[in-house]
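Here are a few friendly notes to read alongside the model.

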Amino acid sequence: MISQQVRSGSEFPNAEAMDIADPLASFRDRFHFPEIEGDQRPLYFTGNSLGLMPKKAREYVEQELDDWSRLAVEGHLHARNPWLPYHEFLTEPMARLVGALPSETVVMNALTVNLHLMMVSFYRPTLERYKIVIEKGAFPSDQYAVDSQIKWHKGDRNWLVELTPREGESTLRTEDVVDKIDREGESIALIMLGGVNYYTGQAFDMAAITAKGREKGCVVGFDCAHAAGNLALRLHDWDVDFAVWCSYKYLNGGPGAVAGAFVHERHLHAFELPRFAGWWGNNKQTRFLMGPEFDCLPGAEGWQLSNPPILQMAALRASLEIFDEATMSALRGKSVKLTGYLESLIDGIGDDRIEVITPRDPAQRGCQLSIRVRGGDRSLHQKLSERGVVSDWREPDVIRVAPTPLYNSFNDVHRFSVILKECLA
Ligand SMILES: *Cc1c(COP(=O)(O)O)cnc(C)c1O
């Protein structure tokens, strides 16, 4: 029984009614939930960290294991899904998911690797134009990647422009970001922001930032680790130069899943760009002639280095099929409601020890809400865990809760709010 003692938001009917009316509700059954004591399912809100396993993933991975055992090297050509072109099976579904052309999209490597590969080509500092703009408090891997690229070009900390919220505010204002680019644009080589900030859950206005950056002659890239599978991205239309993302968060591709990269159409034949090359980026017709000269593939595929990890890709295929069936626009529609419902229930608790720092405007966030706990008290997170809530704690004082539209229900969100209220009491 769900107690209704938490006031639900006025514009929301009750959770059961919303679940019954939800056309995406049955997708939940396509996933394995982790086991907790008893036969209860946990309230799983960490799809922003590691998405749940699609049940089909096992079958898809087993098929490749099976073909490997039966065919060995012949599997490159004769597996049921031949391994040689295997990455191509993922290209179109991934392109649809991020709003890109297939030629602009490639599934390869891991996220930070792809970020470096993109910066090798697209961060080309000159005497006048050398700065990189990132958001202060960007995910550490991105900070390290950007710092090390600057060092590689013999630059220093002054080359880094970190965007900080106004005094007393937790998130950036688009107008301030745009204004900064407007004022310092001539010296900015690269703008590299998270599509959605992992800590605050803020979604940046990628279209507006890209438009201003490009107007000023800057290259604009986004790390979409927290945006892919969360927002309805339109990377091509927004005119973004490049983007990278991982597939183990909202994309449910499994631990260490193979990542994605986007390069805008206008760069697909830019063979003069410096790039770190490998044989998988070579012309497919001549790759196995094993010649000494690199003959670069056009398109995002030309940035590939190595022959890809088939077992990982098999798991990711299972997940991308689900996204194709559900469609990103329908998922985003549900997500706005689900997170809006969560926000209204948290407001309804009315406890001033907690504060949602994620923007209130649904257009400026994905599914995640970041709850600041005053005094940085980790014990609240601990109590939530003991009650079967899987969320995460980020130093110094934030609990991140990410209800995902594929496998979280309105009931999950409601139960969470009841437990949160009880833990605060
Ligand atoms: C999750 C995440 C990473 C992790 O990088 P890996 O190379 O996949 O380990 C990097 N950057 C951002 C913004 C992330 O959210």
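1. Val244, in β9, is the bridge partner of Asp223. The two strands involved, β8 (residues 219-223) and β9 (residues 242-245), run parallel and share 3 bridges. A word on the basis: this is a predicted model, with local features needing pLDDT of at least 70, side-chain atom pairs counted only at pLDDT 80 or more, and totals for chains, interfaces and linings using all residues. Numbering starts from 1 along each chain as its sequence is written, and side-chain values use heavy atoms, leaving out hydrogens and water.

2. The open sheet has 7 strands with mixed pairing, in the order β4-β10-β9-β8-β7-β5-β6 (strands are DSSP runs of E, at least two residues, and helices runs of H or I, at least four; pairing takes at least two DSSP bridges). Because β4 (105-107) and β6 (160-163) each have a single partner strand, one side of each lacks a neighbour in the sheet.

3. Helix α4 (residues 88-98) packs on this sheet, touching β4 and β9 (contact means heavy atoms within 4.5 Å). Its direction makes about 120 degrees with that of β4 (axes are lines fitted to C-alpha atoms, for helices over the stretch in contact, and angles run from 0 to 180 degrees between N-to-C directions).

4. Leu235 touches Val98, Gly99, Cys224 and Trp245, among others, not counting residues up to four places away in sequence.
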